[in-house]
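The structure is shown first.

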Amino acid sequence: MLEDTAADAAPEVTAAEIARLAGVGRAAVSNWRRRHADFPKPVGGTETSPSFALPEVEDWLRAQGKLAEVPLRERVWQQIASHPAGAVAALVETGGALLLVHERPTDWLELTAGSDERMAARLAPLLARVLATRLGPGRPLPGAAAAPPRPAGMPLLRAAAELAAELGARKAFEFLLGRHLDANPRQYTLTPDGCAALMAALAGPAARTVLDPACGTGTLLRAVPGATALYAQDSAPELAALAALRLALHGSAQVRAAAADSLRADAFAPSATGPVDAVLCHPPFNERNWGHEELAYDPRWEYGFPARTESELAWIQHALAHLREGGTAVLLMPPAVASRRSGRRIRADLLRRGALRAVVALPAGAAPPYGIPLQLWVLRKPAPQAAPPAGLLLVDTAALAAEGQGGRAAWPAVHRTVLDAWTAYDRSGSVPEVAGVSRTVPVIELLDDEVDLTPARHLPPPAAGGGIAELAAVRERLDETLGRAARTTPPVPSAAPDADPGGARQPLTTIGELARAGALLLRGGTGTGPEGAPVLTEHDVYTGSGPTGAATGTGGGAATATAAGTAAATDEPVLTAAGDVVVPVVGGGGTARVITADAAGAVLGRNLHLLRPDPAALDPWFLAGFLRGTANNRRASSHASTATRLDVRRLRLPRLPLAEQRHYGDRFRALAEFEDALRLAGRLGEQLVQGLYDGLSDGSVTPG
């Protein structure tokens, strides 16, 4: 178990975290401190940002009846986030307990039957046996210290076990890990689930023993179905530990994890563990200090000694050195690896000897760093007597970016396109040529002075804009959309009289008051839900598109909220319904969207608030229109570091009879239709213009 660096010190929470625990705004916590003499006193922090003992806060909230509705998962997360030893240490400790719950539920029940002191005394040997069974004898959990468990840490483990009873041990750990990663986005370079699934599929269904030498949190290895042994190594001990626990909870495969730099200190050398069926890897990019000097005579450089600037080619050869004959490696690479002059000799040797089989260009935004179109390199360990393939498969999926996702990959389409091409190539050594998408390029054609393997430079260009017929269809849709925009252009406005119903002298109310009165339901989105469920994202709200996100399955089943005030299960994700109003709360964009049939039934994404008006009291279009007012948003916004956050409860609107609300609502609906027409016309215009530029420049369209 991990050493408790603060002994028996209680975890602390800030006022903002107390507000989240109780499901209220930050101002409510300030009011409680002023109005209630028995509110817990600060135990740390600063005068302007004090912190409070979490057990005292929970006792006070419970006594006030304000803790009953806090989801269990939120309470467990707060204990982890405020753990004296840090969130990562708490996650590792909690993951070990969840593994014990998963593997030996009877032992866990017996263990927790007594006091915290008894539980702490008996936990270590039980956990050691489970870890030895799943992670191998003599292999302590990477990053874990040998200090015995402390009684002060047992309430967290008991709460985590309750969460496991609700969600299952695997989903409980996935939720807690996901919350930590979301809270610290700059600390970790994550591989998206869609990319991981594609890489695992390219490795093939026969991959039973799989290595990831830069495993991070274990996303790539988790995506491999049917594996019997998973080897995970990372230079960060905390990541290696989290990956080991995550993989052990995910399936029945034997898991071996190590914390060390794979290039300098290979923990799974083939001479010790044997070669593996597959290697999956998202290595660090553009590293200069990868071991160039000390590894100059390493036997792994079978295809050439990588230059100091070619750390990625070192990772490629490291992967090949661990494969059995015929084994497959799939690595995520920056595009410069395919064309840098310093790597051309190694690229040439990989081609000549048949080790490199495919280079796949992904859409920009497919994986971090999101600004560049990354590539997948698919390699295979050549058999000594086998003839190398005559051609290299090149695939370019740049055109398969999801509409409305800012260029992010449409993973189902990317997955299908790449896997279809790879399956055909792997079976016969070639694929039918698809302009702009895929082609088998003869190796001899690539072995020039540059050995440039960038797919787009060797594929025939696609037809302009998808072809003359598609350009004509785009032009027709653009004409229709421009006509609709002209018909819905708002009339010239007239000045309002002094008695303007929306004016400052009209009685006003706030969203918070309406929620307390039961006139609407206010809920925040989590973005989690059943595996694969559509998620309405912030970007979707801003662009007016349908839901483009997908749930990763870390939440429970979705709950549909009702206008009565609260959903039956407040810790469950909320499904949108027609007539809801959705508001982004981060970024200060001043946007509010009324949900229509195309977005109904989606899981509400993170950083979104849903307002579900009672139709007998509020018109949704009236509500959304007033929420978009610039002055209204400025009044309800606050600034923290570089972000602007909207306090939805402080947004105001006038008190009007329902009939007058609907009059305003009709005008706001017309404005929304005009806005949608302008947005669509802009997209169609860009598509038509680019198609004509392409067609005129490549000769497929004539100027006259």
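## The sheet and its surroundings

In this predicted model, strand E4 (residues 209–212) pairs with strand E7 (residues 276–281) in the parallel sense, over two bridges. Val210 has Ala278 in E7 as its bridge partner.

Helix H14 (residues 311–321) packs on the sheet and touches E7, strand E8 (323–333) and strand E10 (375–380). Another helix, H12 (residues 237–250), lies across strand E5 (229–234) and E6. The directions of both helices relative to a strand are set out below.

| Helix | Strand | Angle |
|---|---|---|
| H12 (residues 237–250) | E6 | about 175 degrees |
| H14 (residues 311–321) | E8 (323–333) | about 155 degrees |

The sheet is open and has nine strands, in the order E6-E5-E4-E7-E8-E10-E9-E11-E12, with mixed pairing. Strand E6 (254–259) and E12 are at the edges; each has a single partner strand, so one side of each is left without a neighbour in the sheet. From one strand to the next, the twist averages 15 degrees.

Edge strand E12 covers residues 438–442 and contains Arg439. Is Arg439 buried or exposed? Arg439 counts as buried because its relative accessibility is 17%, and the cut-off for buried is under 20%. Its side chain makes a polar contact of 3.2 Å with the side chain of Glu445. Beyond the neighbours within four places in sequence, Arg439 is in contact with several residues, including Leu392, Leu393, Leu394, Val431 and Glu433. His458, Leu459 and Pro460 are also among the contacts of Arg439.

Notes:
Residues numbered from 1 in each chain as written. Predicted model: local features only at pLDDT ≥ 70, side-chain atom pairs only at ≥ 80, totals over all residues. Heavy atoms only, no water. Helix = DSSP H or I, 4+ residues; strand = E, 2+ residues; numbered from the N terminus. Buried < 20%, exposed > 50% of the residue type's maximum accessible area, 1.4 Å probe, protein only. Polar contact = N/O pair within 3.5 Å; in protein donor to acceptor, adjacent residues only side chain to side chain. Contact = heavy atoms within 4.5 Å. Pairing = 2+ DSSP bridges. Axes fitted to C-alpha atoms, helices over the stretch in contact; angles between N-to-C directions.
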